[in-house]
Structure formats: C-alpha cells, structure tokens
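Me: I'd like to go through this structure with you, pockets to begin with, then charges, then the core. Ready when you are.

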Amino acid sequence: MYKIAEDYIGGSSIESSKEEFSKLEQAKVHLDLLWKLEINFSIFAKAYLEFEKCLDDINLKSEFEDGLYTNPDQVFYAAHEKINLRTVTFLVAARIYEEKALQLNERFLKYRNIDFLVSESHSESFDSSFEYRVIQALRNFAVHEDLPIASISFGASNLRENEADPRESPSRLRSTVDPKISIDKLIESKKIRKKTKNELSDISEEFLDLKFFIRGFVEELTKCHFTLREHYSEVAEGLVSKFDEVKSKLQKSVGREVRHVVAIRYYKNRKAQDVYIDPEFNKRVLNAKKRWMGLKNVQRTYLSSEVIAHKNKFPQVHDRILIEK
C-alpha cells in the first residue's frame with residue numbers, strides 16, 4: 001500500500017501507487033545529491049573564509065599585542081602552525097568538493113548536459129588558470145612531501161597622501177602578513193605535473209604568494225560551481241515540480257492547504273518507508289543558486305577597515321591620518 005500524506009498526527013492522506021512512489025523517491029534522491037553538492041561547496045567556501053580570518057587574526061595580534069617585539073620567534077612559530085592548518089583544511093575541502101562533483105556526474109548520467117559539464121569544467125580551469133594548477137600541485141605536495149608554507153613575512157609600509165613631502169603629509173600604516181610557497185620545493189617534488197614544473201621553472205623569484213594563488217583558485221572553482229548550477233537548475237526545477245503536482249493533488253482532495261507532505265510505503269499495514277517531498281523544503285537547492293556569488297571576484301576584492309571620507313560624515317580630512325576620498 002502507498003499513500004501521500006501530511007506527516008503529523010491527524011494529517012490527511014490519499015492513496016498512491018508503487019509507480020508514483022518510485023518516481024518521487026528517485027526525485028528526492030537526485031535533489032538530495034544536488035543539495036549535498038551545495039553543502040560541500042559551502043564547506044569549501046567557509047574553509048577559504050577561515051584562511052582569510054586566520055591571516056587577519058595573526059595580523060591584529062602581531063601589530064597590537066607587541067608579539068613581534070617581545071617574542072618574535074614564538075610569533076613566527078605560531079603563525080606558521082595556524083596558517084599551515086588553515087591551508088591544509090582549505091586544500092582538503094577543495095578536494096572533497098571536486099570528488100563530490102564527480103560522484104554527482106556518475107549519478108546523473110541520464111542528464112547529459114550535467115554529465116558533460118562535470119567531466120569538462122575542472123579540466124578547463126586546470127588548462128586556463130595558473131593559480132588553479134599551482135594549488136592542485138600544492139595539495140599533492142602537502143599530502144606527499146611537506147607542509148605547504150615555506151616562509152612567512154610581516155610587512156609594514158606608510159601610505160602617504162603626498163609622497164613628495166612625506167614629513168608633512170597625512171599617512172596611514174599598512175600592516176600585512178604574507179605566507180609564501182617555495183618554488184624550488186614544488187619543482188623538486190615527484191608528485192607535481194611536468195607542465196606545472198616547467199611553468200614554475202620560468203619564474204625568477206624564490207617564492208609564490210600563497211594569498212594570490214588561493215584566491216585565484218577560489219575564483220576558478222566558484223566559476224565551475226556556478227556554471228554547474230546553471231545546468232542543473234532546470235533539472236532541479238523539474239524534480240521539485242513533481243512534488244508540487246503531488247501536493248496540489250492532496251490539497252485538491254482535502255480542500256485546504258497541506259503541509260509536511262510525505263510519500264509513504266507500507267508493508268503489512270505498517271509504515272516501512274517515507275520520503276519527505278514537501279516542495280517548499282526541497283526548493284532549498286534552487287534557493288541556493290546565488291549564495292557565494294561574491295567569490296567570483298575574490299581575487300580583486302580588498303576588504304578594508306580604513307577610514308573613508310563620505311558626504312555628511314566627520315572627519316573629511318585630518319592633518320596626521322590619511323583619509324581616503
């Protein structure tokens with residue numbers, strides 16, 4: 001026996017069929033797969049945010065707690081440990097997301113547009129983006145060779161309104177923390193692709209800027225995910241529409257608005273399985289389509305807490321502090 005019902009005591013129900021239950025069950029499975037992909041992308045995105053927060057935290061402490069002046073060795077040791085932790089977490093989260101995308105590919109073979117997209121988009125990013133290739137190389141290096149961070153530097157520089165007269169010009173002190181990747185160590189690794197090694201060999205500098213490459217990688221993987229969303233959105237809408245149809249049928253039968261709709265399979269007059277098919281709940285996949293949009297431009301985004309001059313806000317200018325206009 002099969003039923004469509006409201007999932008609470010006293011809820012209404014109507015008869016269903018094995019065929020209908022099977023279709024609803026499969027639709028739910030596919031929507032859950034898409035939702036799990038969204039969750040894994042969110043974990044990746046949040047791992048990136050934690051990396052940035054880690055840098056900010058280290059910068060604040062080194063600048064204002066006098067750590068670099070009172071115990072520089074301890075500050076550098078702690079910074080290495082924290083940044084390595086956040087970088088490794090980021091690299092693992094990225095790998096998990098990529099694996100989940102491939103698993104989605106296998107489960108959605110009948111949706112040919114998604115099949116083509118998942119199998120090709122990451123390869124396109126690898127071919128087109130040096131940052132993407134470097135971070136994949138760094139991940140292999142971290143797994144098989146050593147921790148990703150080779151060096152860290154702390155910087156401070158004065159930004160002046162008038163560089164021609166620095167003594168009298170309002171200024172602002174910019175403080176930075178810069179984790180770096182060793183180019184030589186990546187080249188020496190046996191786990192790095194030859195193409196990437198050759199590109200690294202052409203660089204005359206000793207280090208790569210970790211922030212630049214992580215942000216570039218985030219942009220590329222975000223681009224892949226948003227393209228994937230565009231392709232699966234039509235599929236997801238079709239799956240949710242099946243739930244809408246069933247909900248409408250139940251509402252028409254009972255003559256009122258219904259909620260918490262489930263498809264139920266009974267065995268020997270006892271509930272053996274239920275599938276939560278409430279369309280509003282399952283639209284979460286569609287509602288996620290604009291989340292993390294800001295990561296598309298993370299490479300050029302500069303988050304600042306500096307004082308900015310605005311109309312009707314004091315101060316507009318200052319004799320000692322540089323206020324950006």
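Me: Which element gives the most residues to the lining of the largest pocket, and how many?

Reply: Bear in mind that this is a predicted model. Helix H1 (18–64), strand S4 (171–182) and helix H8 (210–254) each put at least two residues into the lining of the largest pocket. The top contributor is H1, with 10 residues.

Me: And which of the residues lining the largest pocket are closest to its centre?

Reply: The pocket holds about 1200 Å³ of space. Its lining counts 33 residues, and those closest to the centre are Asp 56, Asn 59, Ser 175, Tyr 302 and Leu 303.

Me: By class, how many residues in that lining are nonpolar, polar and charged?

Reply: We're still on the largest pocket, the one with H1 as the main giver. Sorted by class, its lining has 8 polar residues, 9 charged ones and, for the nonpolar class, 16.

Me: Moving on, which helix gives the most to the lining of the second largest pocket?

Reply: This pocket has a volume of about 470 Å³. At least two lining residues come from each of helix H3 (72–107), helix H4 (112–128) and helix H5 (130–144). With 8 residues, the one that gives the most is H5.

Me: Which residues lie nearest the centre of the second largest pocket?

Reply: By class, the lining has 11 nonpolar, 6 polar and 8 charged residues. It comes to 25 residues, and nearest the centre lie Arg 95, Glu 98, Gln 136, Arg 139 and Arg 193.

Me: Are Arg 139 and Glu 98 buried or exposed, and which residues are linked with them in a network of salt bridges?

Reply: Both Arg 139 and Glu 98 are buried. The network that links them also takes in Arg 95 and Glu 99.

Me: What about Lys 211 and Asp 178: which elements do they lie in?

Reply: Their side chains meet in a salt bridge, 2.8 Å from N to O. The pair ties together parts 33 residues apart in sequence, because Lys 211 sits in helix H8 and Asp 178 in strand S4. Both residues are buried, and the elements you asked for are H8 and S4.

Me: Why does Asp 57 count as partly exposed?

Reply: Asp 57 forms a salt bridge with Lys 61, the closest N and O atoms being 3.4 Å apart. Both lie in helix H1, 4 residues apart, about one turn of the helix. Asp 57 counts as partly exposed because its relative accessibility is 30%.

Me: Last one: which residues touch the most other members of the largest nonpolar core?

Reply: The core has 70 residues, and its largest share, 16 residues, comes from H1. Leaving out residues up to four places away in sequence, Phe 44 touches Phe 90, Ala 93, Ala 94, Phe 217, Val 218 and Leu 221. The residues touching the most other members are Phe 44, Ile 83 and Phe 90.

Terms used:
Residues are numbered from 1 along each chain as its sequence is written. This is a predicted model: local features need pLDDT of at least 70, side-chain atom pairs count only at pLDDT 80 or more; totals for chains, interfaces and linings use all residues. Side-chain values use heavy atoms; hydrogens and water are left out. On a 1 Å grid over the protein atoms alone, a cavity is a set of points where a 1.4 Å probe fits but cannot get out, and a pocket is an open set with protein on both sides within 12 Å along at least five of seven lines; lining residues have an atom within 4 Å of a point. Grid points are joined across faces, edges and corners, and a volume is the space filled by probe spheres set on the points. Ala, Val, Leu, Ile, Met, Phe, Trp, Tyr, Cys and Pro count as nonpolar, Asp, Glu, Lys and Arg as charged, and the others, Gly among them, as polar. A salt bridge is a side-chain nitrogen of Lys or Arg within 4 Å of a carboxyl oxygen of Asp or Glu. Buried means under 20% relative accessible area, exposed over 50%, partly exposed in between (1.4 Å probe, protein chains only). A nonpolar core is a set of buried Ala, Val, Leu, Ile, Met, Phe, Trp, Tyr and Cys residues joined through side-chain atoms within 4.5 Å. Contact means heavy atoms within 4.5 Å.
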